[in-house]
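Welcome, and take a moment to look around before reading on.

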Amino acid sequence: MAVNFIEVSQEIEDILKSLNDQLELSFCLSTNENYFTFHGNEVMPSASLIKLMIADYYCSNFSLVDLQERIEKTNQCVGGSGIMQILDRQVFSLADLISMMLSLSDNTAANTLIDVVGLDNLNFWIKEHYSATSLSRRFMDFDQSKDNLTNVNNVAEALRKLLEFPLTRKALFNQQSRAKFELNFVESGNQKIKIFNKSGEGIGIDHDAIIFQYQDQQITAVLMTKYNPEIESRLEIINLFSEIGDLLKGSIS
């Protein structure tokens, strides 16, 4: 992976600096040897990216056998991302719930995993390991005044950590989302590059966290955006992800 890190990070910084000031964003980029951030410490609504930290709790505190053998019944199904709301089945292993939470971003699976531990207990563990991250509500619970929060540095750390566990590595490799950073890589058909990612979205929120692996090298990139959809077109936001993804693709030989 021949990455001219200084040139690529400078090009990305120039793009980000040129954007509308009303667009809130935070970005980080790292390789094996280098790290670059743009507003990297800014805390923003996490959307689904906080599911990475939930998965880390389980993989760090349970063996793979325990995750596969422990069975939980799902509670009330919620809308948004996922497949559980159309399934008749209500009983799943913790491993299945984690896989659905990551690969399909299933909100009901995520809420079940929160309920097993308890929101306060889970948030305490997350805060201990990811200082800028707060789990304040279940997914799709918009009655709560507080939102789930994180920053790009915590997200990048969690994504890298989850590649150490076979269960979550597989789930992140089989992501359903192919419409942000990685769109250009998928279209290129380069099978030698492995892609692991977790995206997040909501009203006026679009995020993507991704790792590209090629031979013994690795690129991690996280972009979090918050915008007014009445001012900024979501298509322009997706094009921003694609433009940065294209720069990253061009840096790989």
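## Aromatic rings

Tyr57, Tyr58, Phe62 and Trp125 come together in one aromatic cluster. Rings of Phe, Tyr and Trp (its six-membered ring) are paired here if their centres lie within 6.5 Å; planes under 30 degrees apart count as stacked, over 60 as edge-to-face and the rest as tilted. This is a predicted model, in which local features need pLDDT of at least 70 and side-chain atom pairs count only at pLDDT 80 or more, while totals for chains, interfaces and linings use all residues. Residues are numbered from 1 along each chain as its sequence is written, and side-chain values use heavy atoms, with hydrogens and water left out.

The structure holds 7 aromatic pairs. Among them, Tyr57 and Phe62 have ring centres 6.4 Å apart and planes at 70°, so this pair is edge-to-face. Tyr57 has a relative accessibility of 14% and therefore counts as buried; buried means under 20% relative accessible area, exposed over 50%, and partly exposed in between (1.4 Å probe, protein chains only).

Another pair is made by Phe27 and Phe36, and this one is tilted, at 6.3 Å centre to centre with 55° between the planes. Both Phe27 and Phe36 are buried.

## A charge over a ring

Look next at Lys51, which lies over the face of Phe139, 4.7 Å from the ring centre. A charge sits over a ring if NZ of Lys or CZ of Arg is within 6 Å of the ring centre and within 35 degrees of the ring normal.

## Helix H6 and its two sides

Which residues of helix H6 (residues 119–129) are buried? They are Leu122, Asn123, Trp125 and Ile126. These residues cover an arc of only 160° around the axis, which puts them on the same side of H6; the arc is that of the directions from the helix axis to the C-beta atoms. An α-helix has 3.6 residues a turn, so residues three or four places apart point the same way. On the other side of H6, Asp120, Asn121, Phe124 and Glu128 are exposed. Helices (H or I, at least four residues) and strands (E, at least two) are DSSP runs, numbered from the N terminus.

The buried residues of H6 pack against helix H2 (51–61) and helix H5 (107–117). Lys127, also in H6, is partly exposed at 34% relative accessibility. The side chain of Lys127 reaches the backbone oxygen of Ser131 at 3.0 Å. Leaving aside neighbours within four places in sequence, Lys127 is in contact (heavy atoms within 4.5 Å) with Thr133 and Ser134.

Ser9 sits in helix H1 (residues 5–17) and is buried, with a relative accessible area of 8%. A polar atom of the Ser9 side chain lies 2.8 Å from the backbone oxygen of Phe5. Beyond its neighbours within four places in sequence, Ser9 is in contact with Leu29 and Phe36.

Helix H7 (residues 152–162) is mostly covered, with 8 of its 11 residues buried. Val152, Asn153 and Leu162 are among the buried residues. At the start of H7, a side-chain oxygen of Asn151 comes to within 3.3 Å of the backbone nitrogen of Asn153.

## Cysteines

How many disulfides does a search of the whole structure find? The search finds 0, where a disulfide is a pair of cysteine sulfur atoms within 2.5 Å. Cys28 is buried, at 1% relative accessible area, whereas Cys77 is partly exposed, at 36%.

Methods
Polar contact = N/O pair within 3.5 Å; in protein donor to acceptor, adjacent residues only side chain to side chain.
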